[in-house]
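Subject: Structure for you

Hello,

Here is the structure you asked about. Please open it next to this note; the findings follow below.

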Amino acid sequence: MDFETEEVSCPICGRSGSNPLHREGSFQMVKCASCQFIFLNPRPTVESLHSFYQQYLPEGESSIESWEKMMKPVFDRAANLLKHFREEGRLLDVGSGFGFFLAEMKDRGWEAVGVEISRKAMDYARNILGLTIHPGPMEDAGFPDNHFDAVTGFYVIEHLSHPMAFLKECHRILKPGGLLLLRYPHTTPIKSLLSLLRIRNRLYDLPAHLSDFSPGIIQQCLERTGFEQCQHMIGGHTLPNGFGKRAASSLFGNLSEVIFHLSLKKFLFPGVSKNILAFKRVAE
Ligand SMILES: [Zn+2]
């Protein structure tokens with residue numbers, strides 16, 4: 001697919017100086033000279049990404065089933081984590097895809113709604129799973145202030161052109177004390193290692209991923225938006241189709257989990273996907 005692209009300044013601090021970091025095909029990730037954020041530049045325009053996402057998720061019954069199996073361990077872990085804080089309440093899943101996480105939360109007694117930009121995925125969630133899904137982006141859904149007990153976003157923030165605006169919107173629609181759970185890939189450390197070894201790869205998934213958050217930067221962004229009590233965790237691992245990918249995901253997922261716990265929740269293994277949990281500050 002051909003993309004219309006544009007040069008952008010840093011999506012986090014807004015400054016324009018950056019240095020090239022890694023290339024993948026015709027796309028390049030750069031590092032902001034001011035805040036060290038890693039992002040795609042130039043990147044596809046919002047309009048060309050919108051049409052791209054109509055084809056992004058898999059199609060066909062068996063591919064959708066494989067997708068469900070791949071995400072299930074991560075969704076189960078997240079559902080159990082939420083239960084630790086609340087038995088039920090009002091939940092929004094942003095980028096809800098086919099709706100498997102929402103279906104799980106609805107089964108557990110939550111009032112669960114989604115936002116999804118892919119029309120095919122939204123139709124599946126509505127028609128096959130009977131869920132309430134708003135067409136994305138979330139800013140267009142017009143949710144009231146202080147409305148949700150929990151907002152979740154699995155593998156969403158790295159796809160967004162305006163991640164700070166997204167965090168502000170999550171903050172606005174959450175009730176004080178409400179929780180935000182985000183899952184994001186953290187690819188740069190492994191990318192740098194493979195590049196030292198001269199092993200070619202497409203781990204950044206460009207141009208779908210517009211940025212690569214580190215645990216430190218994502219926490220700073222959340223705190224700047226008005227969230228507190230940030231907690232990092234590995235949050236399990238996906239089970240992709242295909243022996244090699246599945247073995248790698250299990251190996252690194254389990255290894256990172258063990259190391260995280262042995263280090264008393266201090267060491268976050270670089271290069272694997274992670275969760276961050278944060279709470280909207282309750283006004284004094
Ligand atoms: Zn910056």
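Two strands pair if DSSP finds at least two bridges between them. Strands (E, at least two residues) and helices (H or I, at least four) are DSSP runs, numbered from the N terminus. This is a predicted model: local features need pLDDT of at least 70, side-chain atom pairs count only at pLDDT 80 or more, and totals for chains, interfaces and linings use all residues. Residues are numbered from 1 along each chain as its sequence is written, and side-chain values use heavy atoms, with hydrogens and water left out.

Seven strands form an open sheet with mixed pairing, in the order 8-7-6-9-10-13-12. Strand 8 (132–135) and strand 12 (227–233) stand at the edges with a single partner strand each, so one side of each has no neighbour in the sheet. Strand 7 (residues 111–116) pairs with strand 8 in the parallel sense, over four bridges. There, Val115 stands opposite His134 of strand 8.

Now the metal. Cys10, Cys13, Cys32 and Cys35 coordinate the zinc ion through SG, at 2.3 to 2.4 Å. Donors are N, O and S atoms within 2.8 Å of the metal (3.2 Å for Na, K and Ca); water is not among the atoms, so sites may look incomplete. Along the chain, the donors follow the spacing C-x2-C-x18-C-x2-C. Cys10 lies in the loop between strand 1 (5–6) and strand 2 (18–24), and Cys32 in strand 3 (residues 27–32), 22 residues apart. Both Cys10 and Cys32 are buried (under 20% relative accessible area, 1.4 Å probe, protein chains only; exposed is over 50%, partly exposed in between).

Best wishes
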